[in-house]
Amino acid sequence: MQQNIDLLKPIELPELPSTPLISILIPNYNYAKYIGEALDSVLEQTYPHFEAIVCDDGSKDNSCEIVESYVQKDSRIKLISKENGGVANALNVAYNNSKGQIICILDADDIWMSYKLEKILGLYTSDSQCGFAIHNVIEIDGQGNFIKTTPKYNHLASGWMGQVSLKNGGFVYDIPPASALSIRREIAEKIFPLNEAFTRNADSLIFRFAPFITVIGAEKEALSKFRLHGSNTTSATILTVDMLEREQITFERIYQEQKQFLTNVYGRQIAEQLTDIKHSLVVCHNRYLLGRLKGIPKVELTEMHQRFITHTEFRKRSTQEQFLFKWGEYLPDAIFKMLFYQLYGSSNLKHLLKRILRK
C-alpha cells in the first residue's frame, strides 16, 4: 500500500523563462454589464507580458461589441465567439488558442488588482516546482461595493497536498474560486480538455485535479475582487435546500472525474485509494444540513450529526458554525432553522451589518 502511495508525487517542472507569457482565459456569457471592468483590470496589470483570450459563449447581449472595442485598443486582447456550450467548453476553446507558459482564469464579472500577475509570477519563480498558484480574494456585490472589508480566506492551501486530497475524498480545503486560480502549462496539459458536460463549476475540475500532481503556491493577499450577484452561475449569497442538493450532485460528478484523472495519470491502484467522498468535511456538512432541513428520521440524522462534528477538520469551521452544529441537534426544528437562516441566509441583521461596514 505505502509503495503505491509513493507513486503519488509532484510532476517535475522545468525552469520558467525570465519573462514568461501569461495567458488569461476569460469565459463570458451575457456579462456585458461587467466585462469592461474585468478587461480594464487586465490592461492595468504591472506585468505587461500577457495575452487575454475572451471566449464568448453565445452571449445574447452586447458583450462582443464591448470586447471588440478592447481588441481594437490593445492587441493583447483577443476575442473568440462561438455558440453556447457552457463554461468548460468556453475554457477549452480559450486554452486551445493560448500560448503562455502560465495560465490564469478570470471570470468575466470579477476584477483583478493591478499587481495580480506580478505577484503570481513571484510565486512561480520563488519555487520552481510550484505548478498551481492561488491567492486570496475579497467579495463585492453587483454594484462593486465590498460585502466584507477583509479577505475571504483566513488560510489558504499550500505545499504538496496530494496525499491529503487522496485521503479526504478528493478535497483540499481553502482554495479560492476561478479568478484566483493559475497553473503552469505543464500542469494544464494534464488537466485540459475539461469535461464539457460541466456547463457550470468547470473551475472545480482545475482545483480538484491540480493538487494531485503539483505543489500549491499561495499568496495570502487578496489579488482579485470576487463578485457575488444574482446572475452568478456557481455562487450565491443565500444557502438553500435546492442549492445544497445541486452541490451534492456536483460533488459526486467531480469525484468520479477525479477517479478517472488519477487512473489516467497514476493508474488504477492509486485511483482505488481515493477515499469515499462521504469522508470529506464539506459533504458531511451538506448531508447533515439537508437531513435536518428536510426532516429525515432521527436515527439517520444522529449518524450524520456524529460523522460531521467528530470529523478531524470540524474545528476549522467558524465559531458560530461549530456552536450551531454541536448543539443544534438538541434544538427544535423551528429554532434550528431560524438560527440556520440567520447564519447562512440573507437576514435583515446581515443587511444591517453590511450597510454599517460599507459606511
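I began with the terms: helices (H or I, at least four residues) and strands (E, at least two) are DSSP runs, numbered from the N terminus, and two strands pair if DSSP finds at least two bridges between them. I noted that this is a predicted model, in which local features need pLDDT of at least 70, side-chain atom pairs count only at pLDDT 80 or more, and totals for chains, interfaces and linings use all residues. Residues are numbered from 1 along each chain as its sequence is written, and side-chain values use heavy atoms, with hydrogens and water left out.

I looked up the strand order and found 8 strands in an open sheet, 3-2-1-4-7-6-8-5, with mixed pairing. At the edges lie strand 3 (77-82) and strand 5 (111-112), each of which pairs on one side only. Strand 1 (residues 22-28) pairs with strand 4 (residues 102-105) in the parallel sense over 4 bridges, and Leu-25 has Ile-105 in strand 4 as its bridge partner.

**Helices.** I then turned to helix 11 (residues 281-294) and helix 14 (residues 333-344), whose axes (lines fitted to C-alpha atoms over the stretch in contact, with angles from 0 to 180 degrees between N-to-C directions) come within 10 Å and cross at roughly 135°. Contact (heavy atoms within 4.5 Å) is made by residues including Tyr-288 of helix 11 and Phe-340 of helix 14.

**Confidence.** For pLDDT, the predictor's confidence in each residue from 0 to 100, I noted a mean of 90 for the protein, with 92% of its residues at 70 or more. Over residues 347-359 the pLDDT is below 50, although this stretch has 14 contacts in the model beyond near neighbours in sequence. Where pLDDT is low, the predicted coordinates should not be read in detail.
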